[in-house]
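Work through the exercises below with the model open. Try each task before reading its solution.

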Amino acid sequence: MAGRINDDDVKAVRDAVPIDAVVSEYLQLRNAGGGNLKGLCPFHDEKSPSFHVSPAKGLYHCFGCQEGGDTVDFIMKLDHLSFAETIERLASQAGITLRYEEGGYTPGRQQGERTRLVEAHKAAAQFYVEQLDGPEAEIARKFLAERGFDQAAAQHFGVGYSPAGWDHLTRFLRGRGFSDQELVLSGLSQEGRRGPIDRFRGRLMWPIRDIAGEVVGFGARKLRDDDNGPKYLNTPETPLYRKSQVLYGIDLAKKEIAKTNRAVVVEGYTDVMACHLAGVTTAIATCGTSFGEGHIKILRRLLMDNAGSEVVFTFDGDAAGQKAALRAFEDDQKFAAETSIAITPGGMDPCDLRLAKGDAAVADLVEARTPLFEFALRHVVSRHNLDTTVGRAAALDEAAPIVANIKNSSIQHESAVQLAGMLGILDTQFVVRRVSQLARWARERGRDGGPDQGRQQHRGRPQAAEQARPAPGPRGPALNLRSPAHRVERELLKLALQRPDLVSPAFDAYGADEFTAPPYAVVRQCIEDAGGTAAGANDSAYVPRVREAAPDDTVRAMVTELAVEPLHTRRDPDEAYAGVQLVAVRLAAVNHRVTEIRGTLQRLGPRADPEHLAAVQNELWVLQQYGQSLRERGYAAL
């Protein structure tokens, strides 16, 4: 039976790895105010950032898709890991040695499958790097040198060499405790006649890392004429490696992509190396497949879909390159970023260009880019005979929708004028009107419920998303968050979780009946069960205790959401702001009780027992006086 990770070690891992550092490995985060950060959610597609992270609380919550939790939850959900695998990965990053209970730790027996495969790839990458220095790898070193890459460049990118023998790596990894089943599952080995053999033999090796920097696969380049395999051989699809979801160089480029709001997409491993060495450190490449939906999602999270962000594709000027460029243009609308194309001169790729003309030529290539829509426009127009009226009309029919889809309205107008010139249509305004009409129709289709319409409904501010959100679990009817009482109850609970020092000790004296929304009453009970706000000030374990006190996952998710959601104040919250919320909740509860008592009096009628009637009337009078005092004196009346 697998050993259980020591509880103290789990806590040490949680405390050692800040959530913002972990999340930043996957997406760009920006200031959201109140000490929180925000970015594009990695769990669903959105155009406006609704994914909030609270470094102080160690929590995240998306106000679009409702995913939320702590650092461990984030890794588990995004990378589909078990709890143990997640703790093992975070412990490795933090340099923490884990202790396993129930008989101690046995390597290979108690680690999760994914962790084992990652460890195998890490060991393989180091093995290949060491082999590059050997006599057999002279052909690999020569290949690199001929392309302008010295030893330092090879080390920077982790380039290695796979020996030409049948099972050098397989035997090495067996010696490290990996089973044959693990080696075949990882894609590092494959079944031979007499057992597993190395998948990669006698090739130059590039480690392919995911966005978190872990080696998940390899790209292998043929070096010898007697190698009958393909020129490039990649790791097959495995539990770690999905070619449609990895970008070579993303681990090295991600910070610069987020910083500069630009990504440069090239075609091969050596092109990525050449670009980075030439100063274009935002270069990445797909791994043996065309640029697609999964790659777009990775880049969008880094670029945050700013209007000023840009994706630059580099392609050869030949027919295949033009075809690839047009295929990229089909995905243009999936970016809020502008897309451009840089066509290499003379059919040279960036690696050849750097070798022939130096680093500056590679940088100049990217700077001399052309908007991708302009490239597509010229391609469409070139297919028609513009010497005839029919040809010009056909070209306009095909080209006008391209211009209408340009996101920047000012560029759209200029391009419509440019299109009229390209087609030889003297009535420029006719083309401009045609484009404007198509753009308007596209917008109207979107408003009427286009493919993105369902997602648009939850892309606004967090408070907008609240309006239609149901109460968690079977704890009452759907919350009408337009109710003033419910809004202030939510704000007070947010303060109790985010700034307990501002509402303590008054909040702890509030009863369950002060919260008229059943789910909020449950959250208040969780806070009480965790020791109350008095115990929460300056205690990093306070919110985790409240989450642990939740009776189910739904309530726990609401606690997370309230702990991360921005407060409705533009200034830093203070005692005065907290006092307003405390008074508002108490006053709403008083008014609610007053309404109930008036209903009771109406039901009692004139024949009621005089003593009972007097008691009810007295309670009504007391509550009315207390309500008046709260309205006049505020926090002092509490």
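**Exercise 1.** Is S54 buried or exposed, and what is its relative accessible area?

Solution. Start with the ground rules. The model is predicted: local features need pLDDT of at least 70, side-chain atom pairs count only at pLDDT 80 or more, and totals for chains, interfaces and linings use all residues. Residues are numbered from 1 along each chain as its sequence is written, and side-chain values use heavy atoms, with hydrogens and water left out.

Step 1: apply the cut-offs. Buried means under 20% relative accessible area, exposed over 50%, partly exposed in between (1.4 Å probe, protein chains only). S54 has a relative accessible area of 3%, so this residue is buried.

Step 2: S54 lies in strand 3, residues 51–54. Helices (H or I, at least four residues) and strands (E, at least two) are DSSP runs, numbered from the N terminus.

Step 3: list the partners. Contact means heavy atoms within 4.5 Å. Leaving aside neighbours within four places in sequence, S54 is in contact with I19, N36, L59, A563 and V564.

**Exercise 2.** Describe the surroundings of L495.

Solution. Step 1: L495 sits in helix 22, residues 484–498. Its relative accessible area is 0%, so L495 is buried.

Step 1: not counting residues up to four places away in sequence, L495 touches P500, L502, V503, L567, P573, Y577, A578 and Q581.

Step 2: check one separation. L495 and P566 are 71 residues apart in sequence, and their C-alpha atoms are 9.9 Å apart in space.

**Exercise 3.** How do the axes of helix 22 and helix 24 cross?

Solution. Two packed helices are described by the angle between their axes and the distance between the axes.

Step 1: Helix 22 and helix 24 (residues 518–529) have axes that come within 11 Å and cross at roughly 20 degrees.

Step 2: classify. Angles under 35 degrees count as roughly parallel, over 145 as roughly antiparallel, 65 to 115 as roughly perpendicular and the rest as oblique. Helix 22 and helix 24 are therefore roughly parallel.

Step 3: name the residues. From helix 22, H486, E489, R490, L493, A496 and L497 meet Y520, V523, R524 and I527 of helix 24. By class, this contact of helix 22 with helix 24 has six nonpolar, one polar and three charged residues. Ala, Val, Leu, Ile, Met, Phe, Trp, Tyr, Cys and Pro count as nonpolar, Asp, Glu, Lys and Arg as charged, and the others, Gly among them, as polar.

**Exercise 4.** How do the axes of helix 24 and helix 26 cross?

Solution. Step 1: the axes of helix 24 and helix 26 (residues 553–564) come within 10 Å and cross at roughly 80 degrees. That angle makes helix 24 roughly perpendicular to helix 26.

Step 1: P519, Y520, V522, V523 and C526 in helix 24 meet V555, M558, V559 and L562 in helix 26. The contact of helix 24 with helix 26 holds nine nonpolar, no polar and no charged residues.

**Exercise 5.** Which residues of helix 6 are buried?

Solution. Step 1: in helix 6 (residues 138–146), the buried residues are A140, F143 and L144. Seen down the axis of helix 6, they fall within an arc of 95 degrees (taken from the directions from the helix axis to the C-beta atoms), so they line one face of the helix.

Step 1: the buried residues of helix 6 pack against helix 7 (151–157), strand 6 (160–162), strand 9 (203–209) and strand 10 (215–222).

Conventions
Axes fitted to C-alpha atoms, helices over the stretch in contact; angles between N-to-C directions.
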